[in-house]
Amino acid sequence: MASRLYDPDGTRYGIPTFPWRMAPEEYATRRQLRARGLRPGGQDVAAQVLWYSRRYWRKGTNPIRVAYLYRLDGAKPVRPMTPAKWAALAKANAAQQVCPECRRDAGYRIATSLGMCTTCAYPEDQRAA
């Protein structure tokens, strides 16, 4: 089955296609680029990796998964964080710690499933303690 997914010249799928763990070294996924301190840098997808996933092997779903690959020689370095970006990130993280009910800083990131701090979400537990 994996031989159906091998198309190095791109005649079947339009771009070079490789089975899982068979892509040449000159290609990398976004995560692999990031681990090397690189980014795609505006280049188009150069190739893809296809594989069969048992997790998605259900009736009516496509069991073939895809990961897009970019050329390493066209990748650029990751842009450094500026002081303004650091400040914006700190502000966003701080905003996720303020309870919308009591408006107090919870001291931790408030779960979106609760939508409020645990003190407001479970007041009966606070009275028992």
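Let's start with Arg 109, which touches Gln 96 and Gln 97 when residues up to four places away in sequence are not counted; contact here means heavy atoms within 4.5 Å. This is a predicted model, in which local features need pLDDT of at least 70 and side-chain atom pairs count only at pLDDT 80 or more, while totals for chains, interfaces and linings use all residues. Residues are numbered from 1 along each chain as its sequence is written, and side-chain values use heavy atoms, with hydrogens and water left out.

**Two residues to look at**

Arg 109 sits in the loop between helix H2 (83-95) and helix H3 (118-121). Helices (H or I, at least four residues) and strands (E, at least two) are DSSP runs, numbered from the N terminus. From C-alpha to C-alpha, Arg 109 and Ala 94 are 8.2 Å apart in space, and they are 15 residues apart in sequence.

Gln 48 belongs to strand E4 (residues 47-52). Leaving aside neighbours within four places in sequence, Gln 48 has contacts that include Tyr 13, Phe 18, Val 66 and Leu 69.

Is each residue buried or exposed? Arg 109 is exposed because its relative accessible area is 52%, whereas Gln 48 counts as buried because its relative accessibility is 9%. The cut-offs are under 20% relative accessible area for buried and over 50% for exposed, with partly exposed in between (1.4 Å probe, protein chains only).

Both residues also make a polar contact, side chain to side chain. That term means a pair of N or O atoms within 3.5 Å; within protein, one must be able to donate a hydrogen and the other to accept it, and residues adjacent in sequence count only if both atoms are side-chain atoms.

| Residue | Partner | Polar contact |
|---|---|---|
| Gln 48 | Thr 17 | 3.0 Å |
| Arg 109 | Gln 96 | 3.0 Å |

**The sheet**

Strand E4 is part of an open sheet of 4 strands, in the order E1-E4-E5-E2, with mixed pairing. Its edge strands, E1 (17-19) and E2 (27-28), each pair on one side only. Two strands pair if DSSP finds at least two bridges between them. E2 and strand E5 (residues 64-71) run antiparallel and are joined by 2 bridges. In this part of the sheet, Tyr 27 stands opposite Arg 71 in E5.
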